[in-house]
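Hi there,

Here is the structure I promised to pass on to you. Have a look at it first, and then read my notes below.

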Amino acid sequence: MLRRALFIALLAALLITRLASAHADLVRSDPAANAVLDTAPARITIDFSEPIEPAFSKITVFFEDGQDADNGDSAVSPTDQKQLSVSLKDSRQGTYVVSWRVLSAVDGHITSGAFVFSVGKPINQAVGADSGGAVTSPIDMLARALTFVGQALIAGLVAFRWLVWRPALKAAELDDAVDDHAARPARRLMWAALALAAAGAVIALLTQSASSGGSIADWLGTRVGRVWIGRAATLIAVAVLADDFALAGRGKLLTHLAVIWLGGQLLFLTTLTSHSAAVAQPPILPFAADVIHLIATSIWVGGLASLALIVPRAARSVEEDDRAWLWLKVVVYFSTAAALALGIVMITGAYLSLLHVGSWAAVIGTAYGRALLLKLTLAAVAMLIGGFNLLVVKPRLDRAIDQPEIAPGVQRRFRRIVAIEALLAALVVAAAGILTALPRSIDPQPVVEAGSLELVTRADQLDVALTIDPARSGAANFVVRARENGQAVTDATEVSLRFTYLTRGLGTQQAEAVRGEDGAYTANGAYLSLPGEWQIEAAVRRPDAFDAFAAYRVKVDLDGRIVAAGQSGLLDQLARWLSIYGLAFGGAVAIGLGVIWIVIGFKAARNTLSQALLMAPVLIAVPVGVWSVVTFFNEATPGLTLTNPYLPDEESLKMGQQLFAENCAACHGERGRGDGLAAASLSLQPPDFGSGHLDIHTDGDIFYWIQNGLSPTSPMPAFKDRLTDDEIWHLVNTVRRLRNEADSQPAGQLTGRPANQPTPQPDRPSAPPTVLQPYTPPSFIADQHGAAQPITPTGELEALGLLAQSDAAMNALKSMSENQLVRDGAGNQLAVRFDFNAPDRMQYQITGGPRSIQIGEDDYQPAPDGSWLKNVRGSMFAWPQFFYAQVAQAARLDGVETIGSRPATIVFFRYNDFDFRVWIDDETHRIVRYTIDGADLHVLSTYSAFDGAPTISAP
């Protein structure tokens, strides 16, 4: 009675605690890191990846002279527990350092870091700040490892007795007297598991409360502290009912339910402080997968421990004939249970790995990935041993029934092998605990120490130096300094940078550099994000001179450091291989495991039902594997594995320009605009290099097409018999340069030349023309919106409110069409028809020009032979994502106009240096028309076919 009362009291104590919903990492800040502002902001706001604890989270701001710049009023937003802000009391011009330290409300981890921004002048490079990351303690890792092993043994013992031991006793026709002999080692295992879990809990309490900076009582008041209280209460209840755990499956029904409930409750509480608990999208599924993963792992680990420590003791209490039957039945039942559990472990583990790691390169490039790799290696060895037991030892145990003389030796060897397997399984669970103490691979990683990297090259009589500071992935300053005859170039009209990932065709990113002091032009941002080789091209545009293009190659190491490109090590080569072939490799692994599992399923199945259940992993793994392999080969471009060995320097471009003039200009035109003298006589019009279609293709793709031609029906010949490989690579560099020259205009400007007019051939240097292109609002590009820094809208409240209503109405649409007219200052114009389908589809047709279809990351463009080329872009397309109310500046009502017999209110606002006007239907609040006006850009567009646009499908 006392035990039941204590159990009920402890359970009640658990239920009144508020349970949490893994590391709180910085997602975005306002102002952004390294931003240069005109005026000081009123508040500093930082958004984190997880809810944070207000009492243990703080932002501190210092001016460059070391004085405090904030008011000390750090506060978590009442409407968003992931957002922390502080107000500023300083408004001086200069550099500010923002330092932050927060406690995750999900897993109790401390993360910290700092960044800088400047007001009114360039950032003072003498003022540094560490971008920060999670504070990971080896002692905390130990605590989590002990907790995981202990609770897996507790829950696994219960599962073993229910699924294996009790059914095996019944099948071997043995009574509870044998079970009584198993009780003593079972109690020892229970108390050892409780000791491990309790030690982990105590160490976690001491280390996490100490790292939080507060008292133990304060820490226990946090959400993660309340989960700790729930776990402690559960462990005490388990200790009270330890005998019932050791004899699970015997006794009263209420006791059975209590034992099962408490075992599951331990695992549930652990998931509450896991990485999966912090994943909001998709909802519930990651959390459920984590719980199921823990349950299945516990069945496997607890069963192995029971086989190694409990069954031998009980088996010695019976006669040799009964002992042989007992061992065989135990192994038969355990083989089925373990195979089912491992099938679930592999399926849920694959899903969780994809969720938390994100890419193959991250497996070897991050601490989380390497810990996961260690865990998988230990698990693979343990499973190989298990496979040996299933395929070799189990049949020998079966033969021992008819050959009693071999039984003792077989049973002895089996116990030794199982003991090794159990130890490896325990290490696997310990590694799983360590994983929860590390930041996920897809989250910001702990920052490595890095200085600056300076690269210098010569371009068009200029010595152009590029400095990257700090030289590591993530936010950095990219400073360009050009010198001519030893004198700094200070009259450049524009300096821009283009970043291209060389490992795969992910498109390019472009940044405009801001003029600073002493001829320094600076751009800042997180442009080098993926490990591998990158090409950076700086364009320096000067009045009365040819534009100068300086190219550099750098390598982002697996630890995030940026170095000059050079010899790649084994891990770099492996990371590149996985980056290219990862999808096919993963698919091949899934198919291989599926085939192996068919054999395991037939060998481990006890009956038809268990055999059918064991085929479930096969039905998941094989189709996913086949889809992955087929998708890889469908999407693989011809030059996927080719890497350009030549930097586009002056020597390479000189050779390439000569080759282009001799072999390509007749059709493509001297500037690659598709207007060569022979173009009109061709069956297919040569593509315009400036149209942007080259951006989603690697240098290897262009090399392959030049070498082998586009297709048998294309008028473009193969040049493999005319040009050497080196010559083709120089030609590729020239094609890239022509594409970049066609796009060499400041952001927000679109210019072009009238159709059917030849490209001008100037007698003196002049800026090359650029291409008039369709306008796609930033709100239609999901990753751009997600990466955008928060902007405070300004203007009339009524106008902002109407914009908010129109955003909501537009975002509720399932489809829509748009007719757009784009015009530049020279009178050139472009007519475009768009169709949009939610949630991720768009197609457009340029009048008299190309057509394009975008579905998620897949971009389809027509090839010259009439087929379609499918490419994977670096950004995910998403529609609708209207957010004008969040970014509008100087919004105001601008009158009412009738559009198609319906009144529409006009709202004017500024955004991204453009003047916007939107016509909002007074009844539906949908936008029916908008205009955009800039320095050299004018757009007039009408929306129609609301929820009635054509359906968009992959060609």
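Which residue in strand 19 is the bridge partner of I536? The partner is Y552. Before going further, please note that this is a predicted model, in which local features need pLDDT of at least 70, side-chain atom pairs count only at pLDDT 80 or more, and totals for chains, interfaces and linings use all residues. Residues are numbered from 1 along each chain as its sequence is written, and side-chain values use heavy atoms, with hydrogens and water left out.

The chain has 23 helices and 31 strands (DSSP runs numbered from the N terminus: H or I of at least four residues for helices, E of at least two for strands). Of its 955 residues, 52% are buried, meaning under 20% relative accessible area with a 1.4 Å probe, protein chains only.

Five strands form an open sheet in the order 15-14-18-19-20, with antiparallel pairing (two strands pair if DSSP finds at least two bridges between them). Strand 15 (508-512) and strand 20 (562-564) are at the edges with a single partner strand each, so one side of each has no neighbour in the sheet. Strand 18 (residues 532-541) and strand 19 (residues 548-556) run antiparallel and are joined by nine bridges.

Helix 20 (residues 725-742) packs on this sheet, touching strand 14 (494-501), strand 18 and strand 19 (contact means heavy atoms within 4.5 Å).

Enjoy exploring!

Methods:
Buried means under 20% relative accessible area, exposed over 50%, partly exposed in between (1.4 Å probe, protein chains only). Axes are lines fitted to C-alpha atoms, for helices over the stretch in contact, and angles run from 0 to 180 degrees between N-to-C directions.
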